[in-house]
Amino acid sequence: MSVAIIGGTGDEGFGLALRLAMGGEHVVIGSRAEERGQAAADKARDILGIGTGSGTRGEISGIVTVPYAGQAEIYRSIRDSIRAGSVVCDATSPLATAVGRPAWQVVTPWEGSAAEQAKAILRKDVSLVSAFHTVSAEALQDLDRSMEGDVLVCGADSEAKAVVGALVERIPDLRWVDAGVLSMARIVERLTAILVSVNRNYGIKEAGLRLTGRDGWGITPPAGS
């Protein structure tokens with residue numbers, strides 16, 4: 001499987017590109033400016049010490065990591081280029097920076113969440129999943145340190161969530177948790193603002209989230225198990 005990261009020149013997207021490439025995935029970094037995307041790809045290859053081969057081709061799963069202010073525009077621009085049956089993972093948080101306010105405040109999209117806004121724009125033959133809101137961009141890019149924490153995954157399609165969960169598991173020491181239907185993103189997306197506030201209060205950059213109650217999470221177990 002190939003992974004296309006739209007917004008891969010930003011901190012979160014670039015960090016995900018590094019970690020997924022380390023995990024053996026074929027990663028394509030997307031940007032509105034071709035030269036920026038190419039520069040980010042070259043930088044990633046430099047950091048990881050890998051060549052310029054095209055890798056294997058297969059189904060493409062896109063991870064969209066763009067600021068909320070440009071999210072709708074990006075989705076409209078790529079809508080007709082996404083292949084039917086693809087899985088798109090949205091990592092957008094509706095932070096108030098979109099309206100000139102601090103990053104530890106949020107705005108409320110008309111649809112309820114940034115993920116639901118994306119779903120309303122994309123075609124019906126594409127599966128939309130929400131994830132990666134509680135993972136620090138700085139921690140992703142610090143390749144000398146192991147990741148820690150849980151990724152909350154929201155969406156209506158359990159198979160699509162499992163696809164994104166498999167990507168999470170490509171990053172050592174990260175776990176994924178099925179957080180429910182896509183509307184749960186209304187809560188999960190706002191956790192980013194909480195983590196920004198925690199980082200600010202403690203003078204750090206790597207705050208994350210970890211759930212207790214099970215040794216492992218992943219796919220939701222059958223009822224009664």
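1. Phe-132 counts as buried, at 2% relative accessibility. In this predicted model, Phe-132 sits in the loop between β5 and α5. Its backbone deserves a comment: phi is positive, about 70°, although Phe-132 is not a glycine. Most residues other than glycine have a negative phi.

2. The loop between β5 (127-130) and α5 also holds Thr-134. Thr-134 is buried, because its relative accessible area of 5% falls under the 20% cut-off. A polar atom of the Thr-134 side chain lies 2.9 Å from the backbone oxygen of Asp-150.

3. A positive phi is also found at Asp-173, where the value is near 75° in a residue other than glycine. Asp-173 belongs to the loop between α6 and β7 (174-180). With a relative accessible area of 47%, Asp-173 is partly exposed, whereas Phe-132 is buried.

4. Helix α6 spans residues 158-169, twelve residues in total. From the first C-alpha to the last, α6 reaches 16 Å, close to the 16 Å expected at 1.5 Å a residue. The buried residues of α6 are Ala-160, Lys-161, Val-164, Gly-165, Leu-167 and Val-168. They lie on the same side of α6, because they cover an arc of only 155° around the axis. An α-helix has 3.6 residues a turn, so residues three or four places apart point the same way.

5. The opposite face of α6, turned away from the buried side, carries the exposed residues Ser-158, Glu-159 and Glu-169. Glu-159 counts as exposed because its relative accessibility is 64%, over the 50% cut-off. The backbone of Glu-159 also takes part in a contact at the start of α6: a side-chain oxygen of Asp-157 reaches to within 2.9 Å of the backbone nitrogen of Glu-159. As to position in the fold, the C-alpha atom of Glu-159 is separated by 33 Å from that of Arg-36, and the two residues are 123 residues apart along the chain.

6. Helix α1 has twelve residues and reaches 17 Å between its first and last C-alpha atoms, close to the 16 Å expected at 1.5 Å a residue. Nine of the twelve residues of α1 are buried, so this helix is largely enclosed by the rest of the structure. The buried set consists of Glu-12, Gly-13, Phe-14, Gly-15, Leu-16, Ala-17, Leu-18, Arg-19 and Leu-20. Just after α1, Gly-24 takes a positive phi of about 100°.

7. The largest pocket holds about 1,000 Å³ of space. Its lining comprises 41 residues, and those nearest its centre are Asp-11, Glu-12, Thr-65, Val-66 and Pro-67. Elements that contribute two or more residues to this lining are α1 (11-22), α3 (68-78), α5 (137-141) and α8 (191-202). Of the elements, α3 gives the most, with six residues. By class, the lining has 18 nonpolar, 17 polar and six charged residues.

8. Two points link these paragraphs. Glu-12 is among the residues nearest the centre of the largest pocket, and Glu-12 is also among the buried residues of α1. Helix α5 contributes to the lining of the largest pocket, while the loop between β5 and α5 contains Phe-132 and Thr-134.

How values were computed. Residues are numbered from 1 along each chain as its sequence is written. This is a predicted model: local features need pLDDT of at least 70, side-chain atom pairs count only at pLDDT 80 or more; totals for chains, interfaces and linings use all residues. Side-chain values use heavy atoms; hydrogens and water are left out. On a 1 Å grid over the protein atoms alone, a cavity is a set of points where a 1.4 Å probe fits but cannot get out, and a pocket is an open set with protein on both sides within 12 Å along at least five of seven lines; lining residues have an atom within 4 Å of a point. Grid points are joined across faces, edges and corners, and a volume is the space filled by probe spheres set on the points. Helices (H or I, at least four residues) and strands (E, at least two) are DSSP runs, numbered from the N terminus. Ala, Val, Leu, Ile, Met, Phe, Trp, Tyr, Cys and Pro count as nonpolar, Asp, Glu, Lys and Arg as charged, and the others, Gly among them, as polar. The expected span of a helix is 1.5 Å times one less than its number of residues. Buried means under 20% relative accessible area, exposed over 50%, partly exposed in between (1.4 Å probe, protein chains only). The arc is that of the directions from the helix axis to the C-beta atoms. A polar contact is a pair of N or O atoms within 3.5 Å; within protein, one must be able to donate a hydrogen and the other to accept it, and residues adjacent in sequence count only if both atoms are side-chain atoms.
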